[in-house]
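Work through the exercises below with the model open beside you. Try each task before reading its solution.

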Amino acid sequence: MKTVRTLLCVALVASLAACQQKAPDTATATPQEDPGLIARNVEAAMDKGREKLATENITISNDGQGKAEITPQGDLLIEGRKVEIDEGQRRLLLDYRNEVSAIASAGMDVGTEGAKLATKAVTEAIGGIFSGKPEEIEARIEAQAQGIKDKARALCDRLPRLYAAQQKVAA
C-alpha cells in the first residue's frame with residue numbers, strides 16, 4: 001500500500017505541474033495506447049536529456065581547480081581549453097563518457113516507467129474505489145512497481161564499470 005500511496009502522491013504533484021501544459025492532441029490515441037499527459041511530459045523531458053547527453057559536454061570535475069569536461073568527440077577540456085591527448089587517452093575518455101551516458105539513460109528509462117506506472121496507479125485506484133476490489137489493484141501495482149525497483153537496483157550493478165573507467169581516466 002505504501003508504494004501505491006507514493007505513486008499516487010507523485011502522480012498528483014505531477015498532475016498539478018502539468019496543468020500549465022497545453023492539452024495534447026488525443027484524437028489519434030486510443031485509451032490503451034495513451035500513457036497520459038504526465039508520462040508523455042516525462043518521456044519528452046527524458047528524450048531531451050538523452051539528446052543533451054549525446055551532443056553536449058559532460059562535466060567530470062568542477063572542484064575549484066578548474067572545470068573538466070569530456071566532449072562528445074572524446075576531447076578533454078579544462079576551463080574550456082582543449083588539452084592535448086593521444087588516441088589511447090581519447091578511448092579512455094570516450095569509454096568513461098559512454099558509461100556515464102549509459103547509466104544516465106537507464107535511469108531516465110526507470111523514471112519514465114515510474115511516471116507511466118504512477119499514471120496507471122491513479123487510474124486503477126479510482127477504478128478500485130468503484131469496483132470494491134482495492135486489494136487486487138494494489139497487488140498488480142505492487143508487482144509492477146517491483147519490476148521498476150529491480151531495474152533501479154540494476155543501475156548499481158553498472159557502477160563498478162563506471163568506477164573502473166573513471167580510474168583509468170584518472171591514471
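**Exercise 1. Which residues form a nonpolar patch on the surface, and with about how much accessible area together?**

Solution. Ile126, Ile129 and Phe130 form the patch, with about 390 Å² of accessible area together. Patch members have over 30% relative accessible area and no salt bridge; nonpolar side chains (Val, Leu, Ile, Met, Phe, Trp, Tyr) are joined within 5 Å, like charges within 9 Å. Accessible areas come from the Shrake-Rupley method with a 1.4 Å probe, and for residues only the protein chains shown count as cover. Take Ile126 next. It sits in helix H3, residues 87-131. At a relative accessible area of 46%, Ile126 is partly exposed. Buried means under 20%, exposed over 50%, and partly exposed lies in between.

A note on the source. The model is predicted: local features need pLDDT of at least 70, side-chain atom pairs count only at pLDDT 80 or more, and totals for chains, interfaces and linings use all residues. Residues are numbered from 1 along each chain as its sequence is written, and side-chain values use heavy atoms, with hydrogens and water left out.

**Exercise 2. Check the length of helix H2 and find its buried face.**

Solution. H2 covers residues 37-55, which is 19 residues. The expected span is 1.5 Å times one less than the number of residues. That gives 27 Å for H2, and its end C-alpha atoms are 27 Å apart, so the two agree. Next, list the buried residues of H2: Ile38, Ala39, Gly49 and Leu53. Seen down the axis, the buried residues of H2 fall within an arc of 90°, so they line one face of the helix. The arc is taken from the directions from the helix axis to the C-beta atoms. Turn to the face away from the buried side: it carries the exposed residues Lys48 and Ala54.

**Exercise 3. Which residue pairs with Arg50 in a salt bridge?**

Solution. Side chains of opposite charge can pair when their charged atoms come close. The cut-off here: a side-chain nitrogen of Lys or Arg within 4 Å of a carboxyl oxygen of Asp or Glu. The partner of Arg50 is Asp109, with the closest N and O atoms 2.2 Å apart. Arg50 lies in helix H2 and Asp109 in helix H3, so the pair ties together parts that are 59 residues apart in sequence. Arg50 is partly exposed at 24% relative accessibility. Asp109 is partly exposed too, at 37%. The whole structure has eleven salt bridges.

**Exercise 4. Trace the salt-bridge network that contains Asp75.**

Solution. Start with Asp75 and Arg90: their closest N and O atoms are 2.6 Å apart in a salt bridge. The pair links distant parts of the chain, 15 residues apart: Asp75 in the loop between strand S2 (67-70) and strand S3 (76-78), Arg90 in helix H3. Both Asp75 and Arg90 are buried. Salt bridges that share partners join Asp75, Lys82, Glu87 and Arg90 into one network. Within it, Lys82 meets Asp75 at 3.8 Å, N to O. Lys82 is exposed, at 53% relative accessibility, whereas Asp75 is buried at 13%.

**Exercise 5. Where does Glu79 lie, and what is its phi?**

Solution. Glu79 lies in the loop between S3 and strand S4 (81-83). Its phi is positive, about 50°, although Glu79 is not a glycine. At 47% relative accessibility, Glu79 is partly exposed.

How values were computed: Helix = DSSP H or I, 4+ residues; strand = E, 2+ residues; numbered from the N terminus. Buried < 20%, exposed > 50% of the residue type's maximum accessible area, 1.4 Å probe, protein only.
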